[in-house]
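User: Hi! I'd like to walk through a structure with you, starting with its pockets and then moving to its strands. Could you take me through it?

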Amino acid sequence: MRCSLTVALLGPDGQRRNHCPSCLHSRHTVDQAEGGVSECQARMAPLSIAVSRSGEWGIVHRCTRCHELALHAVCGDDNQLILMRLAVRPLAEPPFPLEVFGDL
């Protein structure tokens, strides 16, 4: 993990944990396209937050080496400040200038 925190394999809900609760970084261990073990093993950086149709929240990770995307479930003890930063990033840093709205 990025912050070097020793992370337990199980989250507070008993589910297998696949990212650090402090920095939210992960390791690329699963090949999302083929479903098997990934040979990449690079760091997965948190990119965004997503909500599934069932209402469950997830962290979108991108591999820093091969750029593969993965979705990992949010755990109850994840860093809430970083989760909020990921959630508001599209509003805080839009891909277009906000001045356009002044002309509408």
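Analyst: Happy to! A pocket here is an open set of grid points with protein on both sides within 12 Å along at least five of seven lines, and its volume is the space filled by probe spheres set on the points. Please keep in mind that this is a predicted model.

User: How much space lies in the largest pocket?

Analyst: The lining of this pocket comes to 17 residues. Strand E1 (26-27) and strand E4 (69-73) are the elements that give two or more residues to that lining. The space inside the largest pocket is about 240 Å³.

User: Which residues lie nearest the centre of the largest pocket?

Analyst: By class, the lining divides into seven nonpolar, seven polar and three charged residues. Of the 17 lining residues, the ones nearest the centre are Arg 16, Arg 17, Asn 18, Ser 26 and Thr 29.

User: And what volume does the second largest pocket have?

Analyst: Its lining includes Asp 13, Glu 56, Leu 71 and Cys 75. By class, that lining has four nonpolar, three polar and four charged residues. The volume of the second largest pocket is about 150 Å³.

User: Let's turn to the fold. In what order do the elements of the protein chain run from the N terminus?

Analyst: The secondary structure comes to one helix and four strands. Read from the N terminus on, the order is β-β-β-β-α.

User: Why is strand E3 described as largely enclosed by the rest of the structure?

Analyst: A residue is buried if its relative accessible area is under 20%. Across the protein chain, buried residues make up 28% of the 104 residues. Strand E3 (residues 57-63) is largely enclosed because the number of its seven residues that are buried is five.

User: Which residue in E3 is the bridge partner of Pro 46?

Analyst: Strand E2 (residues 43-51) and E3 run antiparallel and are joined by seven bridges. They form a hairpin with five residues between them, and Gly 55 in the turn has a positive phi of about 90°. Within E3, the bridge partner of Pro 46 is His 61.

User: On the E4 side, which residue is the bridge partner of Val 60?

Analyst: E3 and E4 also run antiparallel, with five bridges joining them. Their hairpin has five residues between the strands, and His 67 takes a positive phi near 70° there. In E4, the partner of Val 60 is Leu 71.

Note on methods. Residues are numbered from 1 along each chain as its sequence is written. This is a predicted model: local features need pLDDT of at least 70, side-chain atom pairs count only at pLDDT 80 or more; totals for chains, interfaces and linings use all residues. Side-chain values use heavy atoms; hydrogens and water are left out. On a 1 Å grid over the protein atoms alone, a cavity is a set of points where a 1.4 Å probe fits but cannot get out, and a pocket is an open set with protein on both sides within 12 Å along at least five of seven lines; lining residues have an atom within 4 Å of a point. Ala, Val, Leu, Ile, Met, Phe, Trp, Tyr, Cys and Pro count as nonpolar, Asp, Glu, Lys and Arg as charged, and the others, Gly among them, as polar. Buried means under 20% relative accessible area, exposed over 50%, partly exposed in between (1.4 Å probe, protein chains only). Two strands pair if DSSP finds at least two bridges between them.
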